[in-house]
Amino acid sequence: VSAHPRREICVVNQRRQTISVYDSLQSGDAGPIREFGSVTEMVYPQGVALDTANNEIFVASSMSNSITVYPRDAGGNIRPLRKIEGPDSGLAYPIAVAVSATWNEIYVLNGTTPSITTYARTASGNASPTRTIVGGSTQLNQPKGLAFDSTRNEFFVANYGSNALTVYGRTDQSSAAPVRTISGPDS
């Protein structure tokens, strides 16, 4: 789920392989204001992020190992504006995506080899990551969710395997240890 200041909320529909957009003021049995998908490009979408500065929607598709980018006002069956995929991309079952218009970067949480890969916001094709956080020191353990705080320039990762929230700096890479961790019985 990702929200937009214009009262729009984007929701991933894995089974239908679409993104539904709702008005955040809706309630009850309300349908989406629009829905879009890309039959050949969006395979088992897991994560969605909005770039409000550039009016784009980023979708992490785990089964196709890709990040697809669509216009913010997308509707119907639409081809992406661009797509990151390929052996050099480092994508390995991407499950979450975040974007920073301030830093012009895309952040992807990968599940097969737990990692966070960073790309230029306008990257496409078989683009290599500009940075990767991966390895034992990272404490990534069956990660499921990713958020980016542009005020503090930090990533937050929800780790299902350790019931922990790990935090990393925006420029961290390699086997960087978390700058802090939230876990324990009171968390």
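**Exercise 1. A loop residue.** Where is N104 found?

Solution. This is a predicted model, in which local features need pLDDT of at least 70, side-chain atom pairs count only at pLDDT 80 or more, and totals for chains, interfaces and linings use all residues. Residues are numbered from 1 along each chain as its sequence is written, and side-chain values use heavy atoms, with hydrogens and water left out.

Step 1: N104 sits in the loop between β10 and β11 (105-110). Strands here are DSSP runs of E with at least two residues, helices are runs of H or I with at least four, and both are numbered from the N terminus.

Step 2: look at the backbone. The phi of N104 is positive, about 50°, although N104 is not a glycine. For background, most residues other than glycine have a negative phi.

Step 3: check the exposure. Buried means under 20% relative accessible area, exposed means over 50%, and partly exposed is in between (1.4 Å probe, protein chains only). N104 has 39% relative accessibility, so it counts as partly exposed.

**Exercise 2. Aromatic pairs.** How many aromatic pairs are there?

Solution. Step 1: use the rule. Rings of Phe, Tyr and Trp (its six-membered ring) pair if their centres lie within 6.5 Å; planes under 30 degrees apart count as stacked, over 60 as edge-to-face and the rest as tilted. The count comes to four aromatic pairs.

Step 1: examine F36 and Y70. Their ring centres are 5.0 Å apart and their planes stand at 55°, so this pair is tilted. The pair links distant parts of the chain, with F36 in strand β4 (residues 34-37) and Y70 in strand β7 (residues 66-71), 34 residues apart.

Step 2: F36 has 1% relative accessibility, so it counts as buried. Y70 counts as buried too, because its value is 0%.

Step 3: find the cluster. Y107, F148 and F155 form one aromatic cluster.

**Exercise 3. Around F155.** Is F155 buried or exposed?

Solution. Step 1: find F155 in strand β15 (residues 154-159).

Step 1: its relative accessibility is 0%, so F155 counts as buried.

Step 2: look at its contacts. Beyond neighbours within four places in sequence, F155 is in contact with a list of residues including Y107, I116, F148 and Y168.

**Exercise 4. The whole chain.** Summarise the fold in plain numbers.

Solution. Step 1: the protein has zero helices and 17 strands.

Step 1: of its 187 residues, 45% count as buried.

Step 2: among contacts with a separation of 6 or more, 43% come from residues 24 or more positions apart.

Step 3: the C-alpha trace spans about 45 × 40 × 30 Å along its principal axes.

Key:
Contact = heavy atoms within 4.5 Å.
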